Amino acid sequence: MITLPGDGRPHVLVLDVNETLTDLSPLAARLAEAGLPDHLLPAWFAGVLRDGVALTLAGGEAAFAAVARDGLRTLAARAGTGTDPEQAADHVLAGLPLLPLHPDVPDGVRALRTAGYRLVTLTNGSAGTTRAVLDRAGLTDCFEAHLDVEGVGRWKPAREAYAHALDTVGVPPDEAVLVSVHPWDIDGAARAGLATAWLRRTPQPYPATQLPAALEATGLTDLAHRLDAERRLLDPGGDGEDADRR
C-alpha cells in the first residue's frame, strides 16, 4: 500500500516512458528494413540501457541517442550484410518519435489526471521524443512537464535523475510516485525516497534482489483503479471499505 502524508494519497506521478508508456515493438520492423536482424531489438535496447548506466557509474556522460547509435553501429558491423551503419542507425532512431502508446495509456492517463494527480514524464531518452509521442495521442494537456536526464547528466537509476524531477515539480520524495515497467527503475526511485508503482506488462517475475514496488498494476488504467481504491480505503470520511465495515 502507498501511504503518504496529508490526505494519504500521492500528489505527483512521475512516469517512465520507454516500454512503460510506449510500445517499442515497431522498431523491429525498422531494424529489418535497415538490414539488421529484427529479433535483436530487445538485446539492442537492453544494451543501450546498460551502456548509458555504465557511463553514469563511471562518471561519464552521453545522450540516449548517442548511446543508441553506437549500439546500432555495432549491430550493423556484426550483421555482415554490407549495411551502412550510419544509415541503419538513422532509420531506426527516426522511428522513436513515431512509436505508439500501449493501448491502456490514453484512458489511463486521462483517468489519473481527472482524479487530480499531477503527471510528469521522466526518461533516459529525449523529452522532445516523449512530447512528440504524447502530442500525437492528444495527451499533452494531461502533463505538467516532460523531463529527461540530459540536464543532470546522470541516467536513471541515479538518485540525481529522480531529484531533478522532484525539483521541477517542487515536491519532496515522499509526495511522489515513480511509475515504471522496469524493476531497476523502481529500485532506484525507492532508494531515492519515492514511492513506487510497477507496471507488470509481461509475465516476468520481479527480481528478488531489488527493492519491491509499493504497488503493482497491469497498466495505467489498472493503476488508476488501484490508487482510487487505496484513496477510498484511507478516506477518513468513511466512503471506502472502512465505512462498509462500520
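Which residue in β2 is the bridge partner of L15? In β2, that partner is T121. I shall return to this pairing after an overview.

This is a predicted model, in which local features need pLDDT of at least 70, side-chain atom pairs count only at pLDDT 80 or more, and totals for chains, interfaces and linings use all residues. Residues are numbered from 1 along each chain as its sequence is written, and side-chain values use heavy atoms, with hydrogens and water left out.

Let me begin with the whole protein. It contains ten helices and six strands; these are DSSP runs numbered from the N terminus, with helices being H or I of at least four residues and strands E of at least two. The radius of gyration is 19 Å, close to the 18 Å that the globule rule gives for 246 residues, so the protein is as compact as a globular protein of that length. Here the radius is taken over C-alpha atoms, and the rule is 2.2 Å times the number of residues to the power 0.38. Along its principal axes, the C-alpha trace spans about 75 × 35 × 35 Å.

Of the 246 residues, 47% are buried, where buried means under 20% relative accessible area, with a 1.4 Å probe and protein chains only. Among contacts between residues at least 6 apart in sequence, 62% join residues at least 24 apart; a contact means heavy atoms within 4.5 Å.

I now turn to strand β1, residues 12–15. V12 and V14 point one way from this strand, L13 and L15 point the other way, and all are buried. With β2, residues 118–123, β1 pairs in the parallel sense over four bridges; two strands pair if DSSP finds at least two bridges between them. The L15–T121 bridge with which I opened joins these strands.

β1 also pairs with β4, residues 176–180, in the parallel sense over four bridges. In β4, V14 has L178 as its bridge partner, while L15 has V179.

Is β4 itself buried or exposed? Five of its five residues are buried, so β4 is largely enclosed by the rest of the structure. Both of its faces are covered, with A176, L178 and S180 on one side and V177 and V179 on the other.

Finally, β4 pairs in the parallel sense with β5, residues 195–199, over four bridges. V179, already named as a bridge partner of L15, has A197 as its bridge partner in β5.

Notes: Buried means under 20% relative accessible area, exposed over 50%, partly exposed in between (1.4 Å probe, protein chains only).
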